[in-house]
Amino acid sequence: MSKVHSDIIEHNEKHPHLNIEKNNPDSKFPKVVLVGNPNVGKSLFFNYLSGVYVDVSNFPGTTVSITKGIYKKYSIYDTPGIYGVSSFNDEEKVALDIILDADIILNVVNSLHLERDIFLTQQLIEMGKKVTVILNFFDEVEKRKIKIKPDRLSELLGVEVITTSAIKKSGFDRLDFAIENARIGNQPKELHHILHETLNRVGSQAEALMILEGDTLVAERHGVQCGSPDEREIIYIERRNRVNEIVSEVEYEDSSRGKFLNLLGRLSLNPLSGIPILIIVLTILYFFIGDFVAQRVVNFTENTIGKGYVEYYMKSYIAKFTPSQISVNLLNGGDKVIETKNFIFDKSIDSDLSLYNEFKNYSRLPNAEVDFSFNNLLVRLFFGEFGIISMTVTYLIFLLLPLVIAFYFAMAMLEDSGYLPRLATMLDRVMTKIGLNGRAVIPIMLGFGCVTMATITTRLLGSEREKTIATAILQFVIPCSAQLAVIAVLMSSAGIAALLIYVSVIFIVLILLSTTLNKFLPGESTSLLIDLPMMRFPELDNVFKKTFFRTYGFMKEASLWFFVGALFVGLLDVTGMLLLFQDILAPITTIWLKLPKEAATAFVMGVVRRDFGAAGLFNLSLTSMQITVALITITLFVPCIASFMVMLNERGWKEGISIWLGTWFFAFLIGGIVAQIIL
Amino acid sequence: MKNSTLDKVKKGTYITITNLPTGILKVQLIRIGITEGSKVFCLERLPGGTIILQKNRQEIAIGYNLAKEINFQIV
């Protein structure tokens, strides 16, 4: 394998037309583009050729990024999984541009789904591109006693056909042959008559075909009228018939189905059996993410490593250069403070060595909680309680990172097993009632892990309308795992009645919010139309890689916004605005919500991090009904600063700010109503 | 043979698709392998009306609202 270059081009809605070749230094190399339906194993070929791994997705349409690498004297491009070439959605727009530019196309086909996949193949051939077909999963074909004749397929299509198994990596030695022997396939006779006129005007067969198929994007570029829907239909139906003929000639089967995995796949579709399966899946997820990672792992990383070592040494070091006051609390086993000592260093922490040593010994006792505060405003901005550097490091690396890894790992397992599309199907009808379709289960489920991560994932939904509804649900009602942990602790002391009130209120708000949005938002939501991939045991190798790349992508995207948010809150803190807010909120807190004045602090903290908000309630002595009111308000209240920033980025300023202000208003409105009733 | 919409299909029947909605939906259906004239099997009909069709080894889930726009005949 030759030297590897690669860069990831994030596709962005604002730039639907990617001009990759313009700033591409390797454009002298012929462009080899991997094209295929979702879940055909394209990315594994890309990985093999370029040595760089990309996201391989089992859920149709979860990625819109494109990856490029170099293999020998070719540039290799991967494209999102598509069922046909056009520009109906982001994935297709991205793929279309790359395909139009391609010199050679490696069309990866799932041997088990020839009838579906060859449709795209035939379209690529009709575009006049040099193509080689890769029949992937060929081992599965043999296992299932289906007979496919690759030679006959090659004859009918007029291009080379090679057979591979991406998982066993067999047939990969033929990829060089595949690239070198790519050629223009058999063109249907009628096509040239239809294309003739447009071809003379635009000069490329591929673009002429796109225009005739009614692709407005390509037509606009050439300033010509695109084909009518009728014309497109004629071309499509002709093509479909041709594909069906080809497939019936090359494939026949003498198999019987009925394996365990197929049965499981079938059972997970119907609510009767599907809901018990879902409960089992959720229970496993709970023990893995909610218990193991969110409690044990995060407790270790955040408190022991993050606060105990990283923040402690970072702040002690800073204290060498600036005056500081440090209070150290000794806790007993039940997290109650049993002793407090304050250390004041007027100049620097090591100017008075005996005091410094006393501090060092005392603060390193087990169960010691150390609180640094700095007088210098600038130091406070960077290293104080909400310090841009101190808080974000602990938060991002020691709290968020383990959770995000765990969530993406779990999602990758579910995706690669083929379970997720089935879950989407089972819940489709329920989701339609709230203006979404089954696909939206993914962002909603992710929301219980991290709302910020889930907000990014709303991209995969079919229309702007659905994205808005899903984002609003996430930002209003879904508590993230950090918040859930605190809620669980507080709830356990409040009793069963409190829990029931809490759950019902949140649930009612969810229903009201989503049905109202569904009713009043203009437009229509899309209906579910998904292909259910085969159920299979996930390839761990692939799952790990996918987890890594998604985690990396998320951290890259969210970290920036978290720093921006932290800067903003840090400024509020050092300018005294944070205290001002606490005073402004105080009347609402005491009269309307019937909570102690100090609870306002919890709300203000909630602006930064949702669990800060809930954790702020720990030290107040509240009755169980007060806890209920406080938790309802906190749950509905604004999402954390990182998810707010990500929402602004995803949904735009207008919508983002409306949702954000909406959460302020409704959190206090509903919290107050509940308070007036039960207190 | 009576023509009916796909939301009314019974589980376990072999059917022929006779009419699809127009526009982008039609294109998406044709690509995935469902055309006017395709013979498919109704594998499952979920409560609430989401339909699972099987065509050869391929399984396709179709939402209730989309199913209402597709016509079929029993084979």
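This briefing covers the domains, the chain contact, the sheets and the nonpolar cores of the structure above. The model is predicted. Chain A is split into three domains, at 6-187, 275-392 and 393-678. Chains A and B meet through 29 residues from chain A and 29 residues from chain B. One open sheet of seven strands takes β14 from chain A and its other strands from chain B. The largest nonpolar core has 204 residues, and B:Ile62 is among those with the most contacts inside it.

**Domains of chain A**

- Domain 1 spans 6-187, domain 2 spans 275-392 and domain 3 spans 393-678.
- Between the C-alpha centres of domain 1 and domain 3 of chain A there are 37 Å.

**The contact between chains A and B**

- Chain A gives 29 residues to the contact, and chain B gives 29 residues.
- On the chain A side, two or more residues each come from α3 (114-126), α10 (229-250), α16 (419-426), α17 and β14 (529-532).
- Helix α10(A) has the largest share of that side, with six residues.
- By type, the chain A side holds 14 nonpolar, seven polar and eight charged residues.

- Seven strands line up as β14(A)-β5(B)-β4(B)-β3(B)-β2(B)-β6(B)-β1(B), in an open sheet with antiparallel pairing.
- The edges are β14 of chain A and β1 (3-5) of chain B, and each pairs on one side only.
- Neighbouring strands are turned by 40 degrees against each other on average, direction ignored.
- Four bridges link β14(A) to β5 (residues 58-62) of chain B, in the antiparallel sense.
- Across this pairing, A:Leu529 stands opposite B:Ile62, and A:Leu532 has B:Glu59 as its bridge partner.
- Strands β2 (residues 14-19) and β3 (residues 39-45) of chain B run antiparallel and are joined by three bridges.
- One of the bridge pairs here is B:Ile15 with B:Val40 of β3(B).

- How many residues of β5(B) are buried? Five of the five are, so the strand is largely enclosed by the rest of the structure.
- Within chain B, β4 (residues 51-55) pairs with β5(B) over five bridges, in the antiparallel sense.
- B:Lys55 stands opposite B:Gln58 in that pairing.
- Two residues lie between the strands of this hairpin, and B:Asn56 takes a positive phi near 50 degrees there.

**A three-stranded sheet in chain A**

- The order is β12-β11-β13, in an open sheet with antiparallel pairing.
- Strands β12 (337-345) and β13 (368-374) of chain A are at the edges. Each has a single partner strand, so one side of each is left without a neighbour in the sheet.
- The twist from one strand to the next averages 15 degrees.
- Strand β11 (residues 324-331) of chain A pairs with β12(A) over eight bridges, antiparallel.
- Within this pairing, A:Leu331 has A:Val337 as its bridge partner.

**Nonpolar cores**

- Which residues have the most contacts inside the largest core? They are A:Ile105, A:Leu403, A:Phe407 and B:Ile62.
- Helix α15 (residues 388-417) of chain A gives the most to this core, with 17 residues.
- Leaving out residues up to four places away in sequence, A:Phe407 touches A:Ile289, A:Leu446, A:Gly449, A:Cys450 and A:Met453.
- A second core is separate and has 10 residues, including A:Ile349, A:Phe359, A:Phe372 and A:Phe383.

**A:Arg439**

- A:Arg439 sits in the loop between α17 (428-433) and α18 (441-447) of chain A.
- Is A:Arg439 buried or exposed? A:Arg439 is buried, because 28 other C-beta atoms lie within 10 Å and 20 or more are enough to count as buried.
- Not counting residues up to four places away in sequence, A:Arg439 touches A:Ala424, A:Leu460, A:Leu461 and A:Leu528.
- A:Gly656 is 217 residues away along the chain, and its C-alpha atom is 22 Å from that of A:Arg439.

How values were computed
Residues are numbered from 1 along each chain as its sequence is written. Chains are lettered from A and ligands numbered from 1 in the order in which they are written. This is a predicted model: local features need pLDDT of at least 70, side-chain atom pairs count only at pLDDT 80 or more; totals for chains, interfaces and linings use all residues. Domain bounds come from an automatic or database domain assignment. A residue is buried if 20 or more other C-beta atoms lie within 10 Å of its own, exposed if 12 or fewer, and partly exposed in between; C-beta atoms are placed from the backbone. Two residues are in contact if their C-beta atoms, placed from the backbone, lie within 7 Å. Ala, Val, Leu, Ile, Met, Phe, Trp, Tyr, Cys and Pro count as nonpolar, Asp, Glu, Lys and Arg as charged, and the others, Gly among them, as polar. Two strands pair if DSSP finds at least two bridges between them. Axes are lines fitted to C-alpha atoms, for helices over the stretch in contact, and angles run from 0 to 180 degrees between N-to-C directions. A nonpolar core is a set of buried Ala, Val, Leu, Ile, Met, Phe, Trp, Tyr and Cys residues joined through C-beta atoms within 7 Å.
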